Amino acid sequence: MADRRHITGFSNPTVKALRALREKKHRKAAGKFLAEGLRLLTDARECGHLPETLVLADRRDPHPLLGALEVAVEAAGGEVIETTPDILSKITGKDNPQAVAGVFAEFDTSLSTLDRSRADIWLVAQALRDPGNLGTMLRTGDAIGAGGLILIDDCADPFSVEAVRASMGAVFTQRIAQARWKEFEPWLRGGAGQLVAASLRDAQPYRDAPYAAPCFVMVGNESRGLPEEYEMACDLRVTMPMRGRADSLNAAVAAAVLGYEVLATLGD
């Protein structure tokens, strides 16, 4: 086993730097983000992503997956740090943290990194503000075999602790891109792609719609929905029945319902 640091002081500069990654400005400055939990970090390792720094609770139960993670990080030249559960709690911002957290380099989220031909379904979110919804959309994308999630305009940070946690590891399986609408629309029209949105404007029932691959399923802001300009730029606008008093679905739920309908239409 390689030498590793053991940190016991809350005021240690490394602890302060790790805690700072919970704030967006520090994540962007460092180009790094935090992920927590053995299952999530194991998913990352199996997808080819290893943390640059692995932080372990010094009082933890042995586990073969944790051992494999330690070996892989050290073999790749990463750093392994041991610390107390209390300090790990301060780092992750969680009262009952899991025994392990990792620091990863943020991914390139430019549209140019996407290969639209690699999947029949892609999810798109415009001005999505809730990190839980964002993480849920990543998780949904993984479940339906989507290529990734494209974030339009001012969305929540996909690399926040909350979004990463809500993704249940899908932040490592799904491609993530970030762009303004004025960048996204010409990129989309520069190749094959059907843009679909839930809408009340000149819409047809979502169960009978003619979806086509690659299909880009777009949802809007949690409270305002999609701007009219964006809806009218879509190739297909669909509506879902609302039988109760609610006039809309949660954005992530709407994306899941539409995503599974597209999956059923295009085939497994």
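## The sheet

Two strands count as paired if DSSP finds at least two bridges between them. With that in hand, let's look at this model, which is a predicted one. Strand 10 and strand 12 (residues 236-239) pair in the parallel sense, over two bridges.

Zoom out and you'll find an open sheet of seven strands, paired in parallel and running in the order 8-7-6-11-9-12-10. Its edges are strand 8 (175-179) and strand 10 (204-205), each pairing on one side only. Helix 6 (residues 131-144) packs on this sheet, where it touches strand 6 (121-126), strand 7 (148-152), strand 8 and strand 11 (215-219). The directions of helix 6 and strand 6 make an angle of about 170°.

## The nonpolar cores

Now for the inside. The largest nonpolar core has 51 residues, and Met137 and Tyr211 have the most contacts within it. Helix 10 (residues 251-266) gives this core its largest share, seven residues. There's also a second, separate core of 21 residues, with Ala119, Ile152, Ala177 and Cys234 among them.

Who does Met137 touch? Beyond its neighbours within four places in sequence, Met137 is in contact with Leu123, Val124, Ala125, Leu128, Leu149, Val219, Ala252 and Ala255.

## The cysteines

How many disulfides are there? The count comes to zero. Take Cys234: its closest cysteine sulfur, in Cys215, is 10.0 Å away, so that is too far for a bond. Cys234 is buried, at 7% relative accessible area, while Cys47 is partly exposed, at 36%.

Notes: Residues numbered from 1 in each chain as written. Predicted model: local features only at pLDDT ≥ 70, side-chain atom pairs only at ≥ 80, totals over all residues. Heavy atoms only, no water. Core = buried A, V, L, I, M, F, W, Y, C linked by side-chain atoms within 4.5 Å. Buried < 20%, exposed > 50% of the residue type's maximum accessible area, 1.4 Å probe, protein only. Helix = DSSP H or I, 4+ residues; strand = E, 2+ residues; numbered from the N terminus. Contact = heavy atoms within 4.5 Å. Axes fitted to C-alpha atoms, helices over the stretch in contact; angles between N-to-C directions. Disulfide = S-S within 2.5 Å.
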